[in-house]
Amino acid sequence: MTYKETLLKSGVEIPKPADEKMKGLLKDLLPKNFSLSGKIWVGFLLAIALTGLYAYTLQLRHGLVVTAMRDFTSWGIYISNFVFFVAISLVGSLVSAVLKLSNVQWRTPLTRLSEIIAVSAITFASIIIIVDMGRPERFWHLFVYGRIQSPIIWDVIVISTYFVISLLLLYLPLLPDLALCRDNISGMKKWKKKIYNILALNWQGTHKQYRIINRSMKILAVLIIPLALGIHTVTSWLFATTFRAGWDSTNFGPYFVSGAFMVGCAGVIALMYILRNHYKLDKYITQRHFDNMGRLLVLLSLIYLYFNINEYLITGYKMKTVEGEHLMDLFTGSYAPMFWLVQIFGMIVPIIVLVFKKGRKPVPLFIVSLFVIVGAWFKRFLIVSPTLLHPFIPLNTVPQAWQHYFPTWQEWAITCGSLAGALLMVTFLIRVLPIIPIWEVAEEEGIQMQIPSKHHFN
Amino acid sequence: MRYVESNESRRKFIKAGIITGVVAATGLGVFEALSDDKIPKTGEKIKLLSPEGKIVEVDSSLINPNTNIPDIPLSSHNVREGVPGKKFVMVIDLSKCKNAGKCRKACSKMHYLPEERSFIKIDRMQDSEKTAPYWMPTPCFHCDNPPCVKVCPVSATFKLTDGIVGIDNERCIGCRFCMVACPYSARVFNWGEEMYALDAERQKQMKGHEGCSSHKVGTVEKCDFCPSHAAKGKLPDCVTACPNGVFYFGDENEDTVTNGDETVRLSALIRDKAGYRYLEELGTKPRVYYLPPANRQFPFTEAKEEKKN
């Protein structure tokens, strides 16, 4: 008995495309096999990720001594990379929740992209934080001996909750699309079909099912906003709960959250640009999407600028001893080139370019978002490392080598490996899932699915 | 953990010595029974000193350095227990410190650290451009409101009843949050095995003791006020090693501190010499007091060479 027969026998109705329009939609949006460039891309990412994995085995064998971290710079690029991952994962809540709850209609083709970024980033945030541990095999101590007074435990709680809700936000609206994949991908291997079938949870497209999805999505959208604020605020508290120069700031929560929304927005723009060109999605991701996302990015950048001014100008105005030394190191000292490059190209230039309509065309917008993403990564480096080189007790009697921090190749390899791993996860999800929610687009275009649904989902 | 092996083999070695000593003294045939068949006798005699101070001769075949010793912690001392009834406190007299470095050496010896590494640092301080520089030894301050203990996610660092901030190296997950939380940079990390490599010569010199950090790779350590000494009423090694009597150590409950030469009232010392705690404004309430670098015993001289650590 074939699979379809089994289904028919069990009385399951299989949603079928109603007309040619739906067929066109399916042709455009169902997952496609990798092209040659896709395969090269995956190979490239795999090579980087495997190098990182190899470097991690070295670290496991020899300990954190393979890194450039020492007693003073006891947190390095693993931590800044972790903050970067947590930051970029906030985009899921931005598009799925903030835009949803404010009834923004054009967000539909971007929801899945942003949830894919969110889930991948938060997965690798958890991985990289374990990489940073001196005793990764004692990870379970966090659950057995956890002290609720420690910000790390808050982070564990809020990040795992955020991960679950993000996963649900990705998964629930996938159900109708998984059913479409199950029934419409031609020449699919049996086991793949089986997986789609299992994942589709026997989706039949009844009114009741749509109603459940609709309601759950609304609840999740409301839930994810405090959680998103929570994960990045708590991450900022890992720094702000200490006495260190540059971290001892009550501004840190909103400063981190605003920067996170900004880099997340840039992440979606970069991904939607690449996918639009690669999969020829001009019909679905239009100029209007770029223009709107550009406007959103400039708004978020302006908010971030505001918090940067608070963070640097007010501290700089007072120039309190160690705080002042730390700040001068950023402004004019050894970190000045990186600091100004990051501030100018990661924040000022994007604001200037994006306030103009021409700047929000796909190509300039794409380039600007890459600036923002790269800038955001280095910004997090600048938040973590220079501070640790400015402790209260001066470093003048510690070994020269400990007075600087430049990551070793193992640290770079592991960090790049984790970034490649996150991109691989994004690539894999794009390969197996419809990148644009088919059923939502169909809804919007008024295409009747076989089982008509009178609900409107936005 | 090589020094542990050496201690263990040392103990076995002494045990063998005692047994052979007893055997030789009583003249029973147990010796033969103990050493029979398995290991052929070499006939080569080796002289050993028995615990009673007698020189005994044993066959060299009896002396087998045990190379397969399980990796055990230094002691079964409960790291979470303080010494009852005590409140340890330290006073550091900056007017006497001339950066002799003996405290550092004693510390690294006491804690089986490589020579260039210790739990105490001697920092060159200068409060402002015009003020005179001075040397400031900084151990762990064992704060009463310790930021490191607050942030630890697994309670691997904690406050003991005797005032000491302890570390459980069997529980520490190596997140290093305590290191960034400590405003005094008191904590060090076991980055890797090779940073603690001890040469064979030094291993032999080291004596076993209890309650000291076991240098687990991937965990945090710091000055522990030498708890094994403190429990016996002995002074920490940095205190006794200092040639200038910079360090005073004692019990706040008894209100006395001593640097080995003189024993003084803690309250009187702090009152008369304007004692203070470093960065009092942070509210961490250190248990280490400083006496200002006034009326120096030695003129300030820069370190002779760029110090290694």
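Let's start with chain A. Chain A has 18 helices and zero strands. Keep in mind that this is a predicted model.

How compact is chain A? Its radius of gyration is 24 Å. The globule rule gives 23 Å for 458 residues, which is close, so chain A is as compact as a globular protein of that length. Along the principal axes, the C-alpha atoms of chain A fill a box of roughly 80 × 50 × 45 Å.

Now look at one helix. Helix 11 of chain A covers residues 207–240, 34 residues in total. At 1.5 Å a residue, helix 11 should span 50 Å. The C-alpha atoms at its ends are 49 Å apart, which agrees. Helix 11 of chain A also has a kink of about 25 degrees. Where does that kink lie? Find A:Ile224, shortly before the proline A:Pro226.

Next, the contact between the chains. On chain A, 37 residues are in contact with 40 residues of chain B. Which elements of chain A give two or more residues to that side? They are helix 7 (141–144) and helix 8 (151–171). Helix 8 of chain A gives the most, with three residues. By type, the side of chain A that touches chain B divides into 19 nonpolar, 12 polar and six charged residues.

Over to chain B and a sheet. This one is an open sheet of five strands, in the order 12-11-10-3-13, with mixed pairing. Strand 12 (263–265) and strand 13 (288–291) of chain B stand at the edges. Each has a single partner strand, so one side of each is left without a neighbour in the sheet. On average, neighbouring strands of this sheet are turned by 25 degrees against each other, direction ignored.

One pair to finish. Strand 3 (residues 88–93) and strand 10 (residues 247–251) of chain B run antiparallel, joined by five bridges. To see one bridge, go to B:Ile92: its partner in strand 10 of chain B is B:Phe247.

How values were computed
Residues numbered from 1 in each chain as written. Chains lettered and ligands numbered in written order. Predicted model: local features only at pLDDT ≥ 70, side-chain atom pairs only at ≥ 80, totals over all residues. Contact = placed C-beta atoms within 7 Å. Helix = DSSP H or I, 4+ residues; strand = E, 2+ residues; numbered from the N terminus. Nonpolar A, V, L, I, M, F, W, Y, C, P; charged D, E, K, R; others polar. Expected span 1.5 Å × (residues − 1). Bend = angle between axes of the 7 residues up to and from the residue. Pairing = 2+ DSSP bridges. Axes fitted to C-alpha atoms, helices over the stretch in contact; angles between N-to-C directions. Rg over C-alpha atoms; globule rule 2.2 N^0.38 Å.
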